[in-house]
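My entries follow in the order I worked.

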Amino acid sequence: ILQGTGDAIATQAVEVELGGITAALDGQLLATDLFEGSRVSLQVKGDNLRELVNVPGPASRLALPFELHGNAGVESGELRLTAVRLAVGNGRLRFNSSLGMQPFLGRGQFEIAGESPDMNLLFPLTYAAVVGEEGSLPVDVTGGGRWEQGSLIIENLLFTSGKSQVRVTGTVTDPPNFNGTRLSVKGDIADASTLKGLLHRHLPAAPARISLTAIGKGPELQVSDLAITLGVSDIEGDFRFRYQEPATFQGRFKSRLIDVTALLPPPPDTGAGAPPDLERKRATRKRDERLIPETPIPVDFLTGTAADVTLDIDQLRLDAHTLREVFVDAALHDRRLAVRDFHFSADRGGRLRGYGSLAADGGKGILKLSVAGEGLSFGFPASNAEELQKLPQYNLEAVLQADGATVREMAGRANGYFMLDAGKGRIRASGFR
């Protein structure tokens, strides 16, 4: 019922139903400056959130009953939202906020709390961009903060999932002007494998930690004190990112140990009942049995962002070998990726060093590579340290230049010099057929 009384419009149980969704409004709207003194309550509910929130992904994930209700009022020039409650399936979110009306949204504060067996239920709009389609991530969230003069001040925002938690505090300004941003992120993850659906990649069942501090200076965001551990692997460093075009990235990273084997997904099933994509790859190999594939050279990634990165790793653990003193100095400028220096030491003390570049020229790539090494062991199996010590060692020197739009075309147009000098050794007989 709508009822007008002077400068006020009173609403009593105004209810609208559309497509299985019911909305009810109750309260009083005053025709005063900025609706001062108005108070209303709102309730929206339905049997299927998917009909209200249209995001990519399986419809069944959000095909759940939902209900939203809360109160809104204008007092002392502020729009105050109180007792706002959102329920989606078994997920619950509670929210209170005050918003400045003049200028509109120029200032405000908020409090938030919620819990859900699936992060999608609390934040449905992040479904495709953040959580993805693989599995669900149970989460509790609590926090609060305020915003003023274009800055969001996060006083304490805590995400908890089981024994894992991520805490965010600090100030964030609106990019591309990061000036005034100072943000702290600290995360303690009990089992990284539970984040598979969040990050869209395989992660080992191992504890992980992350901490960083982000500081804004004009259009540049500087991240310092970055420290990440994942199982036995670790990396630390700092980087700078400029959002404005042309975007730039500068970073320095160091690690005591990176175990690559822990980051690789399990091997696919090669027997009967293999996945369809694996069957397609098998069929492709049968049709084209040439050794060098017709894979396009990815020159598109050479455009846009400029970057300078150094990476220093004490130990890089691969499947059968451990590389030591790994160093890479790379830069991306003007559609040219240049590895200015790379070197490492191998298991038995051998060393490999070199430099190279890949430049975009229209739709093709131009590759230049120079490498040299001594005392290297590669290409033959070794099941233990004793067999590894008996393998022959090689000295290597190569200079290569090639161009082409695909790997096969580039290999066919390659020119250069290659020298491989092998020493004596013993190779396990089971390696031959």
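**Backbone entries**

I started at Pro103, which lies in the loop between β7 (91-101) and β8 (104-116). Helices (H or I, at least four residues) and strands (E, at least two) are DSSP runs, numbered from the N terminus. The peptide bond from Gln102 to Pro103 is cis, with omega near 0°. I noted the background: most peptide bonds are trans, and most residues other than glycine have a negative phi.

Before going on, I wrote down the ground rules. This is a predicted model, in which local features need pLDDT of at least 70 and side-chain atom pairs count only at pLDDT 80 or more, while totals for chains, interfaces and linings use all residues. Residues are numbered from 1 along each chain as its sequence is written, and side-chain values use heavy atoms, with hydrogens and water left out.

Next I looked up positive phi values. Asp225 is not glycine, yet its phi is positive, near 55°. I found Asp225 in strand β14 (residues 220-230). Is Asp225 buried or exposed? Asp225 is exposed, at a relative accessible area of 55%. My cut-offs are under 20% relative accessible area for buried, over 50% for exposed, and partly exposed in between (1.4 Å probe, protein chains only).

Glu325 also has a positive phi, near 50°. Glu325 sits in strand β18 (residues 322-333). With a relative accessible area of 48%, Glu325 counts as partly exposed.

**Confidence**

I checked pLDDT, the predictor's confidence in each residue, from 0 to 100. The protein chain averages 83, and 80% of the residues score at least 70. Over residues 127-134, pLDDT stays under 50. For that stretch the model has 30 contacts (heavy atoms within 4.5 Å) beyond four places in sequence. Where pLDDT is low, the predicted coordinates should not be read in detail.

**Thr406**

I then went to Thr406, in the loop between β22 (394-404) and α6 (407-412). Thr406 is buried, with a relative accessible area of 10%. What does Thr406 touch, not counting residues up to four places away in sequence? I found Glu294, Thr295, Pro296 and Ile297. The side chain of Thr406 also reaches the backbone nitrogen of Glu409, at 3.1 Å.

**Salt bridges**

How many salt bridges does a search of the whole structure find? The search finds 21. My criterion is a side-chain nitrogen of Lys or Arg within 4 Å of a carboxyl oxygen of Asp or Glu.

I looked at Glu148 and Arg146, whose closest N and O atoms are 3.9 Å apart. Glu148 is partly exposed at 37%. Arg146 is partly exposed at 31%.

Asp312 and Lys254 form another salt bridge (3.7 Å, N to O). This pair links distant parts of the chain, with Asp312 in strand β17 (residues 306-317) and Lys254 in strand β16 (residues 248-259), 58 residues apart. Asp312 is partly exposed at 28%, and Lys254 is partly exposed at 37%.

Asp308 and Arg340 meet in a salt bridge too (3.4 Å, N to O). Asp308 lies in strand β17 and Arg340 in strand β19 (residues 336-345), so the pair ties together parts 32 residues apart in sequence. Arg340 is partly exposed, at 43% relative accessibility.

My last entry is a network. Salt bridges that share partners join Arg39, Glu75, Glu78, Arg80 and Arg107.

How values were computed. A polar contact is a pair of N or O atoms within 3.5 Å; within protein, one must be able to donate a hydrogen and the other to accept it, and residues adjacent in sequence count only if both atoms are side-chain atoms.
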